[in-house]
Amino acid sequence: MALITFRVLDGADRGKVFEKLPTPVTIGREEGNSIQLNDERVSRFHLKIQEDQEKLVLTDLQSTNGTRVNGESVQMWVLRYGDVIAVGRTMLLFGSREEIAQRLAMLRGADLSAGVALDADEEGDEDGPSLALEEELHWGDPDDARAILHTLLPPELPANLQPGQAAQLSELLLFFHLRLRGLIQTVRCSPRTDRVALEQRQWQNLVDLQARLAAYIKAIGEPEV
């Protein structure tokens, strides 16, 4: 059974530390949650965290105002030390100082070039995660630490899939691969500039593809009733 730690970085409960909570963990404003928050914008039972195949999985419980991890709205998320979870007006940091420092040291030796930087919406906000992390963890380079911790690297494929599940996942990925390949082939490059052009119809196809991905993510993240 995993034991997890959260620190409240912002909100009415700022400064509270919830140490070594056994999974599963629920967060919400109602009594009976593992972490009860004094925040009217947090749902009664807002999210849960459970252990599955040695990973800690966060699931939003169809909350009214949603859950954000590292600035991104999520339905489900595999938690990693240093993740910042925002629910309502409350911001929580996942992991102890030691756990986050160990992960940061590991990532500093890794190639992050293929990753996607998160927290984009928070940049330039003086009260955002960068300042909160600096105050909580006493790091002298909070922007560098946040940029490293909140880089989403290409995720691993799920293991131990049944043949039917593997076939469905393969078909899903192939669908998006073929659609993206077709769009890339229609791009026109200007020899005089560094810009590329995409016809409006193909641009609309790209927007449609992004919407389909968002719909799949939402459908996968819906908790079982």
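This is a predicted model: local features need pLDDT of at least 70, side-chain atom pairs count only at pLDDT 80 or more; totals for chains, interfaces and linings use all residues.
## Strand β6 and its partners

Strand β5 (residues 47-52) pairs with β6 over 6 antiparallel bridges. In this pairing Gln50 stands opposite Val57.

The model holds 7 salt bridges. One of them joins Arg89 to Glu40, with the closest N and O atoms 2.5 Å apart. Arg89 sits in the loop between β10 and β11, and Glu40 in the loop between β4 and β5. The pair links distant parts of the chain, 49 residues apart. Glu40 is exposed, at 61% relative accessibility.

Glu199 bridges to Arg188, the closest N and O atoms being 3.7 Å apart. Glu199 lies in the loop between β15 and α5 and Arg188 in strand β14, so the pair ties together parts 11 residues apart in sequence. Both residues are partly exposed: Glu199 has a relative accessible area of 40%, and Arg188 is at 47% relative accessibility.

Asp208 forms a salt bridge with Arg212, with 3.2 Å between the closest N and O atoms. The two residues are 4 apart in helix α5, which means a separation of about one helical turn. Asp208 is partly exposed at 30% relative accessibility, and Arg212 is partly exposed at 38%. Arg179 joins Asp208 and Arg212 in a network of salt bridges.

Key:
Residues are numbered from 1 along each chain as its sequence is written. Side-chain values use heavy atoms; hydrogens and water are left out. Two strands pair if DSSP finds at least two bridges between them. A salt bridge is a side-chain nitrogen of Lys or Arg within 4 Å of a carboxyl oxygen of Asp or Glu. Buried means under 20% relative accessible area, exposed over 50%, partly exposed in between (1.4 Å probe, protein chains only).
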